[in-house]
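Visitor: I have a model open and some time to go through it. Can we start with the charged side chains?

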Amino acid sequence: TYNTELSPSRIISIEVMDRESGQFKPIDRLKIYDFATDSYLCDGYKPFPSLLGSENLVVEGEQSGTIIEGVLFQEMAADFLNATTSIDTPYNTTTQNRLVNDTAATEVLNLIQSEDSCAPGEYWESDILTCVSCPVNFDVTFSKKLIEFEATDQERVESITLTNNEDFYVAIIPKKLPDWLVLDSVESVYAGSNIPTILGAGESLQFSMSIISTELEKGT
C-alpha cells in the first residue's frame with residue numbers, strides 16, 4: 001500500500017506471502033528475506049545503500065547480494081511461466097489489489113529504528129538495531145514510585161531503593177538517563193554505564209538522585 005500524495009516516502013505497508021499459511025502477512029523487520037531484483041537496483045539506485053558487499057550488513061544473518069551474469073530478465077520470466085503454467089492452466093493476470101494507492105493514509109512505513117526512537121517501556125538492543133519491550137516484572141520494585149523536583153532544588157538529594165523480590169537473580173541496566181539527572185550509587189556502576197548490575201534474590205540497590213537545574217528545559 002502506498003500514497004502518491006506523500007513525499008519523500010510513499011510506502012504505507014508491505015505484505016509478504018507466507019509459504020506455510022499461503023496468506024499475505026505484514027513484513028517483519030527482524031526477519032531475513034530472500035528476494036530478487038535487477039542489478040541497477042542492487043548497486044546503482046541512489047540514495048539507497050548497495051545490496052552488494054559486506055560493508056552494508058549490520059544485522060546478524062544478513063547476506064550480501066550476488067549478480068547472476070548473462071541472464072536476461074525475459075529468460076527468467078519465461079522459465080517461471082514454463083514451470084508454473086501450461087496450455088490448460090495459463091498464468092492468471094487478473095489478480096487485483098496487490099498495489100493499493102490509499103490517499104487517506106498519512107503514516108508511512110518506517111522499518112528503521114534508533115536508540116532515540118525507543119518509547120517508554122522499551123530498551124535499545126544494538127545487535128539487532130531494535131527497540132525491544134522491557135520485561136514486565138512487578139516483583140522488582142522501587143521504594144518510591146514518583147519523585148518530584150523543582151528547578152530550585154539544586155542541592156536536594158533523594159534516595160531510592162530498588163529491590164528484587166523474585167527468587168532468581170535479575171540484571172539491572174540503564175536505558176537512558178536525561179542530561180539533567182545525576183544518579184549515583186556506591187554499590188554499583190549502574191549510573192551512566194552499559195554494564196549490568198546483578199541483583200540476587202531478595203537483594204536491594206540504593207541510589208541517590210539529584211538534578212542539574214541549568215539542564216532542565218521548560219515543561220520537563
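Visitor: Is E158 buried or exposed?

Guide: E158 is buried, because its relative accessible area is 15%; buried means under 20%, exposed over 50%, and partly exposed in between, with a 1.4 Å probe and protein chains only. This is a predicted model, where local features need pLDDT of at least 70, side-chain atom pairs count only at pLDDT 80 or more, and totals for chains, interfaces and linings use all residues. Residues are numbered from 1 along each chain as its sequence is written, and side-chain values use heavy atoms, with hydrogens and water left out.

Visitor: Which side chains does E158 meet in a salt bridge?

Guide: E158 meets K144 at 2.8 Å, N to O. E158 also meets R156, at 2.7 Å, N to O. A salt bridge here is a side-chain nitrogen of Lys or Arg within 4 Å of a carboxyl oxygen of Asp or Glu.

Visitor: What do β1 and β2 do?

Guide: β1 (residues 15-18) and β2 (residues 23-26) pair in the antiparallel sense over four bridges; two strands pair if DSSP finds at least two bridges between them. M17 stands opposite F24 in β2. The hairpin has four residues between the strands, and G22 takes a positive phi near 75° there.

Visitor: Back up a bit. How many helices and strands are in the chain?

Guide: Two helices and ten strands. These are DSSP runs numbered from the N terminus: helices are H or I with at least four residues, strands are E with at least two. From the N terminus on, the order is β-β-α-α-β-β-β-β-β-β-β-β.

Visitor: What percentage of the 220 residues is buried?

Guide: Buried residues make up 16% of them.

Visitor: Which residues make up the largest nonpolar core?

Guide: Eleven residues: V140, I160, L162, V170, I172, L181, L183, L199, L205, F207 and M209. Such a core is a set of buried Ala, Val, Leu, Ile, Met, Phe, Trp, Tyr and Cys residues joined through side-chain atoms within 4.5 Å. β6 (158-164), β7 (170-172), β8 (181-184) and β10 (204-211) each supply at least two residues of this core, and the largest share, three residues, comes from β10.

Visitor: Where is L162?

Guide: L162 is in strand β6 and is buried at 5% relative accessibility. L162 and I172 are ten residues apart in sequence, with their C-alpha atoms 9.6 Å apart.

Visitor: New topic. How many aromatic pairs are there?

Guide: The structure holds one aromatic pair. The rings of F80 and Y91 have centres 6.3 Å apart and planes at 75°, so the pair is edge-to-face. Rings of Phe, Tyr and Trp (its six-membered ring) pair if their centres lie within 6.5 Å; planes under 30 degrees apart count as stacked, over 60 as edge-to-face and the rest as tilted. F80 sits in helix α2, and Y91 in the loop between α2 and β3 (122-125), eleven residues apart.

Visitor: How exposed is F80?

Guide: F80 is partly exposed, with a relative accessible area of 45%.
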